[in-house]
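Thanks for making time this morning. I would like to walk you through one structure, so please have the sequence and the model open while I talk.

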Amino acid sequence: MIIDTHAHLDMLDDPKRAIEEALEANVKKIIIPSVEPETFSKVIDLANTYENVYAQIGVHPSDAQKFNDDVAKKMIELAKNKKVVAVGEIGLDYYWDKTFVDVQKKVFKTQIEIANILNLPVVVHDREAHGDTYEILEQMGAKKVLMHCFSGSVEFAKRCIDKGYYIALGGVVTFKNAKKVRQVAKEIPLDYIMLETDTPYLAPHPYRGQQNEPKYIVFSAKEIAAIKDTALSEVESITTKNAQEFFNI
């Protein structure tokens with residue numbers, strides 16, 4: 001069994017088909033992150049509709065300017081739903097737009113506070129903001145942390161796992177030119193790794209450039225097994241156990 005810890009099913013034209021095909025590919029559970037307040041209800045509706053689908057509630061850093069007190073209250077209210085298993089995806093993104101970094105930081109801190117209040121883990125988007133992301137997580141006392149779509153160095157990965165944070169790896173690990181991510185996959189113990197697709201983005205080889213879907217997660221699992229010179233069953237078993245315990249599913 002494999003768990004896809006990060007798939008934007010709400011962005012697909014036919015989530016039902018994607019879920020059914022994922023089940024056939026041994027992807028037994030899928031977790032959908034939110035990125036903006038407007039998507040909260042759609043994500044939760046999908047989680048409520050399908051037994052094997054779960055939701056995260058959060059505002060992506062690129063949409064941080066949409067966050068306000070009403071959104072915070074809505075997050076707390078929606079988190080009463082048992083299918084909501086994390087606050088995410090939240091964090092910092094200095095790649096696309098650095099004109100509102102202070103807003104990103106403030107919203108990131110507030111959403112960690114909400115997660116702490118709700119006793120939920122946080123799923124973190126960190127793009128070209130490793131230092132500030134780590135500092136804020138530490139400052140805010142984030143308890144359970146998953147670093148989504150990890151793009152840092154091995155050294156940064158080791159700093160993260162020293163704090164007990166988990167590393168999520170997806171399709172990028174299958175790219176032969178993704179040297180940093182492949183090195184992280186090699187050197188970080190499976191006990192700190194989870195699998196994800198980031199559907200519909202970052203499809204693995206041989207589907208690179210196409211729409212990603214949860215069923216393709218096996219390509220990432222196989223590549224990690226090859227990099228670590230271990231059995232695919234070992235990768236599936238340990239990453240699944242990590243996800244089950246982290247998200248309490």
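Predicted model: local features only at pLDDT ≥ 70, side-chain atom pairs only at ≥ 80, totals over all residues.

In which hand, left or right, does α6 pass α7? The crossing of α6 past α7 is right-handed, where right-handed means that the near helix is turned clockwise from the far one by less than a right angle, and left-handed that it is turned anticlockwise. Residues are numbered from 1 along each chain as its sequence is written, and side-chain values use heavy atoms, with hydrogens and water left out.

Let me stay with that pair of helices. Helix α6 covers residues 154-162, and its axis comes within 9 Å of the axis of α7, crossing at roughly 45°; helices here are DSSP runs of H or I with at least four residues, strands are runs of E with at least two, and both are numbered from the N terminus. The axes are lines fitted to C-alpha atoms, for helices over the stretch in contact, and the angles run from 0 to 180 degrees between N-to-C directions. The two helices are therefore oblique to each other, given that angles under 35 degrees count as roughly parallel, over 145 as roughly antiparallel, 65 to 115 as roughly perpendicular and the rest as oblique. On the α6 side the contact is made by Val 154, Ala 157 and Lys 158, and on the α7 side by Gln 183, Val 184 and Glu 187, contact meaning heavy atoms within 4.5 Å.

Helix α7 (residues 179-187) also packs with helix α8 (residues 217-228), at an angle of about 65° and with the axes 8 Å apart. That angle makes α7 roughly perpendicular to α8. This crossing, too, is right-handed, and in it Arg 182, Ala 185, Lys 186 and Glu 187 of α7 meet Glu 223, Ile 224, Ile 227 and Lys 228 of α8. Sorted by class, that contact has three nonpolar, no polar and five charged residues, where Ala, Val, Leu, Ile, Met, Phe, Trp, Tyr, Cys and Pro count as nonpolar, Asp, Glu, Lys and Arg as charged, and the others, Gly among them, as polar.

A further pair is α4 (residues 101-118) and α5 (residues 130-139), whose axes come within 10 Å and cross at roughly 35°. Here α4 passes α5 in a right-handed crossing.

Now to the largest pocket, which holds about 690 Å³ of space. Among its 27 lining residues, those closest to the centre are His 125, Arg 127, Cys 149, Asp 198 and Leu 202. A pocket, on a 1 Å grid over the protein atoms alone with a 1.4 Å probe, is an open set of points with protein on both sides within 12 Å along at least five of seven lines, and lining residues have an atom within 4 Å of a point. Strand β5 gives the most to this lining, with three residues, and the lining as a whole divides into twelve nonpolar, eight polar and seven charged residues.

Finally, some points about the backbone. The peptide bond from Gly 88 to Glu 89 is cis, with omega near 0°, and Glu 89 is found in strand β4. Another cis peptide bond joins Thr 199 and Pro 200, with omega about 5°, and Pro 200 is in the loop between β8 (193-195) and α8. Glu 128, in the loop between β5 and α5, has a positive phi, near 55°, although this residue is not glycine.

Conventions: Points joined across faces, edges and corners; volume = space filled by probe spheres on them.
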